[in-house]
Amino acid sequence: MHFETDILIIGGGLAGLTAALHLQQAGLDVTVIEKATYPHHKVCGEYISNEVLPYLQWLDADPTKLGATNITELQFSTHSGKSISTRLPLGGFGLSRYTLDNFLYEKFLGSGGTVIHDTVSAVQYEREQFSIATLTEKQISARQVIGSYGKRSAIDLKLKRTFIQHKSPFLAVKAHYSGEFREDLVGLHNFRGGYCGVSKIEDEKINICYLADYRTFKKHRNINTYQEQVLYRNKYLKNIFENTTPLFESPLTVSQLAFGAKTAVAGHILMVGDTAGLIHPLCGNGMGMAIHSAKICAELLTGFFRGTISRPVLEKLYTSSWNKQFGSRLRMGNLLSSILRRESLADIVLGGMVRIPSSLPLIIRKTHGEILTVNN
């Protein structure tokens with residue numbers, strides 16, 4: 001079976017669906033290929049900075065209509081039990097990927113978009129045209145391909161992307177819980193070998209997602225034992241876990257997380273979201289960055305299809321724009337992660353924040369962007 005489309009997006013997650021809606025709104029024929037069915041849960045902090053809210057509203061995809069919580073304050077604590085709180089410079093909202101991704105998917109379908117549930121097995125580029133093959137032997141021709149398939153994929157191996165050759169020491173664990181937790185608060189709590197984010201999402205649920213050092217994690221029999229023997233040493237985490245009830249049969253996990261920039265363009269494919277680069281979860285801005293990268297990509301592709309820029313210029317502009325917007329954020333994320341993984345250094349840094357309260361909002365701004373504006 002053969003399909004033809006202007007743009008094929010590999011991966012129907014947050015960045016892929018956002019780009020699809022934007023490009024569809026620009027009058028282009030867009031096809032999304034996604035291996036999973038909707039709705040489904042993903043390992044994610046599920047906090048989104050308000051910097052992307054005007055853009056989502058411009059796409060007629062306002063998340064506040066989905067019961068998103070309004071988050072205005074951050075509490076940060078170290079393994080030793082020291083803590084500091086501050087108002088978030090822009091604020092944000094809590095919403096599950098289960099709800100948000102499905103909402104974007106249904107909006108794209110409802111506007112005439114095409115979603116193929118399959119897995120890409122090969123991508124070839126020749127003479128200004130992409131040829132894509134799937135596991136079920138579908139053949140798709142597209143003038144442009146966007147990569148939005150997540151943190152790592154077999155496609156990365158075929159494209160010989162350098163990050164895929166290196167092992168990562170990180171494991172992420174996520175689950176939803178019921179219980180009492182402030183709706184306006186996002187908590188970031190350090191523990192030996194990692195850190196944990198806690199925030200309220202829709203329907204009074206609490207999302208708890210943490211990043212752990214795998215070498216430390218594997219010394220324990222299972223997730224529950226690890227949480228009790230490692231995370232509980234932070235008194236704030238101990239209190240949260242002991243006073244909430246899991247809503248999942250078992251937590252979701254994902255490993256081999258490669259943090260930092262990966263390259264915004266590979267094999268003429270424009271990469272968005274985690275496929276282009278992954279910021280440390282402690283920065284709380286991965287979802288915002290994914291949406292922002294989709295906007296940059298969609299705006300440039302609109303110009304490309306209108307004939308105002310060539311492919312070489314498209315790829316150069318996307319790479320430079322991506323690096324300008326996200327390069328410094330990723331570097332700050334790496335720096336903060338290296339500090340928090342050292343208990344004594346984390347306590348020193350927190351002590352400095354207590355003495356200079358304005359320093360924490362300044363650090364937050366270094367990992368976030370400005371409010372997105374849209375040129376109609």
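User: In which strand is the place of Lys 200?
Analyst: This is a predicted model, in which local features need pLDDT of at least 70, side-chain atom pairs count only at pLDDT 80 or more, and totals for chains, interfaces and linings use all residues. Residues are numbered from 1 along each chain as its sequence is written, and side-chain values use heavy atoms, with hydrogens and water left out. Strands (E, at least two residues) and helices (H or I, at least four) are DSSP runs numbered from the N terminus. On that numbering, Lys 200 belongs to strand 12.

User: What is the relative accessible area of Lys 200?
Analyst: Buried means under 20% relative accessible area, exposed over 50%, and partly exposed in between, for a 1.4 Å probe and protein chains only. Setting aside residues up to four places away in sequence, Lys 200 touches (heavy atoms within 4.5 Å) residues including Thr 69, Ile 71, Phe 181 and Glu 183. Lys 200 is classed as buried, its relative accessible area being 5%.

User: Which residue does a polar contact of 3.0 Å join to the side chain of Lys 200?
Analyst: A polar contact is a pair of N or O atoms within 3.5 Å; within protein, one must be able to donate a hydrogen and the other to accept it, and residues adjacent in sequence count only if both atoms are side-chain atoms. At 3.0 Å, the side chain of Lys 200 is joined in this way to that of Glu 204.

User: What is the relative accessible area of Thr 72?
Analyst: Thr 72 lies in strand 4, residues 69-77. Beyond residues up to four places away in sequence, Thr 72 touches Thr 86, Arg 87, Leu 88 and Asp 184. Thr 72 is buried, with a value of 17%.

User: How many of the 12 residues of helix 1 are buried?
Analyst: Helix 1 (residues 14-25) has cover from elements including strand 1, strand 2, helix 3 and helix 8. Among its buried residues are Leu 14, Gly 16, Leu 21 and His 22. Helix 1 is largely enclosed by the rest of the structure, because the number of its residues that are buried is 11.

User: Which residue with a positive phi follows helix 3?
Analyst: The buried residues of helix 3 include Leu 100, Phe 103 and Phe 108, and what covers them includes helix 1, strand 2 and helix 8. After helix 3 comes a residue with phi near 95°, namely Gly 112.

User: What arc do the buried residues of helix 7 cover around the axis?
Analyst: In helix 7 (residues 235-242), Leu 237, Ile 240 and Phe 241 are buried. The arc is that of the directions from the helix axis to the C-beta atoms. These residues are on the same side of helix 7, because the arc they cover is only 95°.

User: What is the radius of gyration of the chain?
Analyst: The chain has 11 helices and 19 strands. The globule rule, 2.2 Å times the number of residues to the power 0.38, is compared with a radius of gyration taken over C-alpha atoms. The chain is as compact as a globular protein of 376 residues, because the rule gives 21 Å and the radius of gyration is close to that, at 21 Å.
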